[in-house]
Amino acid sequence: MKGDYCRYMAECVGGDKNKRAQDNAKDAYKKAQDKAESLDTTNPIRLGLALNYSVFFYEILNMQEQACKLAKMAFDSAIGDLEKLDDDKYKDSATIMQLLRDNLTLWTGDAGEDGEKEG
């Protein structure tokens, strides 16, 4: 949550405050991601973190490749274990995975459109 809060701050402020908010968000997301490694790949907290962290890379840091890499890794890691979940956990995980997939589709479509405009 700290990463999200700092990401939202970075969206709203400029100058030095923006840089500080970006650094704080990046640090908080990284720490959370390190801790989330111990959770199952299908855990909604781990998937939600990957979703939000990838949005941070894409929208705030303009690191589109890193955003796609993170989202794809989270999706691919979870997809094989999804069928092992009970119904309630399946719904939660599948919903977040769909958001990851939607972002990947949007983001890779953006990259293709940018390439077409330049070419």
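In which handedness of crossing does helix 2 pass helix 3? The crossing of helix 2 past helix 3 is left-handed. Keep in mind as you look around that this is a predicted model.

**Helix 2 against helix 3**

Let's stay with that pair for a moment. Helix 2 covers residues 15-36, and it packs against helix 3 at an angle of about 150 degrees, with the two axes 10 Å apart. Because angles over 145 degrees count as roughly antiparallel, helix 2 is roughly antiparallel to helix 3. On the helix 2 side, the contact is made by Gln 22, Ala 25, Lys 26, Tyr 29, Lys 30, Ala 32, Gln 33 and Ala 36. Helix 3 answers with Arg 46, Leu 49, Asn 52, Tyr 53, Phe 56 and Ile 60. Sort the residues of this contact by class and you get eight nonpolar, three polar and three charged.

**Helix 3 against helix 4**

Now turn to the next pair. Helix 3 runs over residues 44-60 and helix 4 over residues 64-79; they pack at an angle of about 165 degrees, and their axes are 7 Å apart. That angle makes helix 3 roughly antiparallel to helix 4. Helix 3 passes helix 4 in a left-handed crossing. From helix 3, the contact uses Leu 47, Ala 50, Tyr 53, Ser 54, Phe 57 and Tyr 58. From helix 4 come Gln 64, Gln 66, Ala 67, Leu 70, Ala 71, Ala 74 and Ala 78.

**Helix 1 against helix 3**

Helix 1 (residues 2-12) also packs against helix 3, at an angle of about 20 degrees and with the axes 11 Å apart. These two helices are therefore roughly parallel to each other. Helix 1 passes helix 3 in a left-handed crossing. Where they meet, Asp 4, Arg 7, Ala 10 and Glu 11 of helix 1 touch Asn 52, Val 55, Phe 56, Glu 59 and Ile 60 of helix 3. By class, that gives four nonpolar residues, one polar and four charged.

| Helix pair | Angle | Axis separation |
|---|---|---|
| Helix 1 and helix 3 | about 20 degrees | 11 Å |
| Helix 2 and helix 3 | about 150 degrees | 10 Å |
| Helix 3 and helix 4 | about 165 degrees | 7 Å |

Tyr 8 counts as partly exposed, because its relative accessibility is 43%. Tyr 8 and Ile 60 are 52 residues apart in sequence, yet their C-alpha atoms are 9.4 Å apart in space.

Then find Leu 82, in the loop between helix 4 and helix 5 (87-118). Is Leu 82 buried or exposed? Leu 82 is buried, with a relative accessible area of 8%. Leaving out residues up to four places away in sequence, Leu 82 touches Thr 42, Tyr 90, Ser 93, Ala 94 and Met 97. One of these, Ala 94, is 12 residues away from Leu 82 in sequence and 7.6 Å away in space, C-alpha to C-alpha.

**What about the cysteines?**

How many disulfides does a search of the whole structure find? The search finds zero. For Cys 6, the closest cysteine sulfur belongs to Cys 12 and is 12 Å away, so the gap is too far for a bond. Cys 6 counts as buried because its relative accessibility is 8%. Cys 68 counts as buried too, at 18% relative accessibility.

How values were computed:
Residues numbered from 1 in each chain as written. Predicted model: local features only at pLDDT ≥ 70, side-chain atom pairs only at ≥ 80, totals over all residues. Heavy atoms only, no water. Axes fitted to C-alpha atoms, helices over the stretch in contact; angles between N-to-C directions. Helix = DSSP H or I, 4+ residues; strand = E, 2+ residues; numbered from the N terminus. Parallel < 35°, antiparallel > 145°, perpendicular 65-115°, else oblique. Left-handed = near helix turned anticlockwise from the far one by under 90°. Contact = heavy atoms within 4.5 Å. Disulfide = S-S within 2.5 Å. Buried < 20%, exposed > 50% of the residue type's maximum accessible area, 1.4 Å probe, protein only. Nonpolar A, V, L, I, M, F, W, Y, C, P; charged D, E, K, R; others polar.
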